[in-house]
Amino acid sequence: MRSRQLLLAVLVTIFAILGSAVLVHAQDQITVGFAQTGSESGWRTAFTEAMIAEAESQNINLIFSDGQQKQENQIAALRSFIAQGVDAIILAPLVETGWDEVFQEAQDAGIPVFIIDRNVTADPSLYVTRIASDFVYEGRLAAAWLATATANREQCNIVELYGTVGSSAAIDRATGFAETIALFPNLELVASQSGDFTRTGGKEVMESFLNSLDPASICAVFGHNDDMLIGAIEAMKEAGIDPADDILTVSVDAIDDIFVSMMNGDANATVLLSPNMGVQAYAAIRSYLAGETLPALIPVPSAMYFQDTAAEEYAARTGG
Amino acid sequence: MRNRAFPLIATIVVFIILYLIGFQRFPAFGTTRVIANFLTDKSFLGITAVGMTFVILAGGIDLSVGSVIAFTGIFCALAIGQLGIHPLVAFAIILVIGSTFGAGMGAIIHYLKIPPFIVTLAGMFLVRGGAFVLNQASVPIEHPFFEDISNLYYVFPDRGRLTFVAVVFVLVLLLGIVVAHYTRFGRNVYAIGGSDTAALLLGVPVGRTIIGVYMLSSFLATLAGIIYAIYTRSGYPRAAIGVELDAIAAVVVGGTLLTGGVGYVAGTFVGIMIQGVIQTYVNFDGTLNSWWTKIVIGLLLFLFIALQKFLTSYRGGFSLGGLRLRRPPSPEVKISG
């Protein structure tokens, strides 16, 4: 009967798909489950790749799950990790809320949970620690550099390309930046508007700044991320302004493209938002499993890049 | 009829094989923890899919369910957190709102003769937009009642947890089976899905049944939204995007014909469990790209549609184009719609 043959074909296909991935488990290494939000941005993908590569180099058996931008997928992944009896769980939460119940389940099963990147509202007793970049510190770094670069100017009017309204990255970077420029009487924030972390958003906001303010009066632009700043560079060029010379620039992320802008002399400085949090995360897990107590927040170090090393850094990134 | 049960049997066979593949590689598949996780993690999707089964059995489709889930969650979070309403009262209010919304869609579909795809698509946008108007970010629900519910679970000897939400799912499923096969409403749904003209001639109240079907679907989607709110203890306007498609996939893989009239609520349950097994397998493996879940479900969906096509054209009854051209029209038909 044809239907039976069809059924057979169905089954053979499924066997072929699922049978193709067979993994050998080693017993002596530690097993870590990592639930990622998804793969929505280049930075996120770099973050995932760094986590996997770091696990390989440390001989950690990493069980990776991509949440596809859905919290229910992340919760299901955590439950699978618990059922599998992993040694530790790393969660990069999609949203801050809704983790209490599954964290409680992990705790009851004796599996420690580590938060990476974004924050959660769950009770701190339910997880070990959070490994994250300090966004406030990034804002301070950017402001401190601007203060140094404009030390000999009497007045420096700054415009700000704000990130997505309500996001912790934008709020904290703005806070760190504002509290630092307040220390320098010659620095003044004259305008701030959201470019939503996108290139087109940054370009539109910069165009409106250049129209509403006297372009000659603007001394510097601070972008909450590199993408917005790259958009702003275009807007400045179209308005006949020489970015990085007429108007100083500083932004956060240190993505590859900003190095190209720096090499071309269109951008001055960028603050690194490290996608490589694996080193800190795995070190935290190892020390926790060894019985050490950990601080509530483990900051990932930030650094700054400037024009003079841009070519070198870009070559190192793209070449290797 | 043997042919009718065949897709269901095929689904069960596929489930057993997938489960055994998982069990053979990961012995943890045999624990109650994993089995209870299937029910807990898929409960809101499962409840939605039970409603979707009725809609598809009646020859329709409901694309609004995912949005209804999100709206319910954010509504409950705000009602409980900002207005200080007791969760049970908030649940009652939103269930009434949800059912009314569904009945409204059903009435538009029936009386204005607009295809369900369009009406429920409009409903989907409307309700999703409404959820974002209520609030843009996720809102935590801090209420002792929610903690009590989260702590309601039965622990199996090997530490698997049968949670409250899993029990609700199983109850809805059992009720769905009873309603579909042992009530007049259920028989009417099957009759309309087979042929609404014939159903009308047989004295089936078509209008009332169609309104009832969409009302039931929205009611269950709202209930799923409540379950989702309990599951995540928060409301989030971006929640449950695409759940309507997962639910439709579960129904079709579960052996229900997309043209309506043939299928089983129990099959939908197996369809849901198949999704759970694949997702768990991918999560357990940890090296497979998680989008493999979608690829395998997509393949299964395609194969089951092909199977349906083969079986239905074999019977010569109707085609999958939705027009049922091959069924000879009854000569006495004078009443339309």
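Analyst: What follows takes the labels one by one, for a model that is predicted.

User: What makes up chain A in terms of helices and strands?

Analyst: Chain A has 11 helices and 12 strands. Its C-alpha trace spans about 80 × 55 × 35 Å along the principal axes. Of its 320 residues, 48% are buried.

User: Which domains is chain A divided into?

Analyst: Domain 1 covers 28–127. Domain 2 covers 135–274 + 305–319. The centres of domain 1 and domain 2 of chain A, taken over C-alpha atoms, are 33 Å apart.

User: Why is A:Phe197 called buried?

Analyst: The cut-off is 20 or more other C-beta atoms within 10 Å. A:Phe197 has 22 C-beta neighbours inside 10 Å, so A:Phe197 counts as buried. This residue sits in the loop between E7 and H7 of chain A.

User: What is A:Phe197 in contact with, beyond its neighbours within four places in sequence?

Analyst: The contacts are A:Gly163, A:Thr164, A:His224, A:Asn225, A:Asp227 and A:Met228. Take A:Thr164: it is 33 residues from A:Phe197 along the chain, yet their C-alpha atoms are separated by 6.0 Å.

User: Which residues of H7(A) are buried, and what covers them?

Analyst: The buried ones are A:Arg199, A:Gly201, A:Gly202, A:Lys203, A:Val205, A:Met206, A:Phe209 and A:Leu210. Their cover includes E6, E7, E8 and H8 of chain A.

User: What makes E7 and E12 of chain A edge strands?

Analyst: Start with the order, which is E7-E6-E8-E9-E10-E12 in an open sheet of chain A. The pairing is mixed. Strand E7 (187–194) and strand E12 (304–306) each pair on one side only, and they are the edge strands. From one strand to the next, the twist averages 20°.

User: How do you know that E9 and E10 of chain A pair?

Analyst: Two strands pair if at least two bridges are found between them. Strand E9 (residues 248–253) and strand E10 (residues 269–272) of chain A have four bridges, in the parallel sense. That meets the cut-off. For A:Val252, the bridge partner in E10(A) is A:Val271.

User: What does helix H8 of chain A touch on the sheet?

Analyst: Helix H8 (residues 226–238) packs on the sheet and touches E6, E8, E9 and E10 of chain A. The direction of H8(A) makes about 145° with that of E8(A).

User: What is the pairing in the sheet with the order E2-E1-E3-E4-E5-E11?

Analyst: This open sheet of chain A is parallel. E2 and strand E11 (297–300) are its edge strands, since each pairs on one side only. Six bridges join strand E1 (residues 31–36) of chain A to E2(A). Within that pair, A:Val32 stands opposite A:Leu62.

User: How many residues does each chain give to the contact between chain A and chain B?

Analyst: Chain A gives 34 residues and chain B gives 39 residues. H1(A) gives the most to chain A's side, with nine residues. By class, that side of chain A has 17 nonpolar, 11 polar and six charged residues.

Terms used. Residues numbered from 1 in each chain as written. Chains lettered and ligands numbered in written order. Predicted model: local features only at pLDDT ≥ 70, side-chain atom pairs only at ≥ 80, totals over all residues. Helix = DSSP H or I, 4+ residues; strand = E, 2+ residues; numbered from the N terminus. Axes fitted to C-alpha atoms, helices over the stretch in contact; angles between N-to-C directions. Contact = placed C-beta atoms within 7 Å. Buried ≥ 20, exposed ≤ 12 C-beta atoms within 10 Å, placed from the backbone. Nonpolar A, V, L, I, M, F, W, Y, C, P; charged D, E, K, R; others polar. Domains from an automatic or database assignment.
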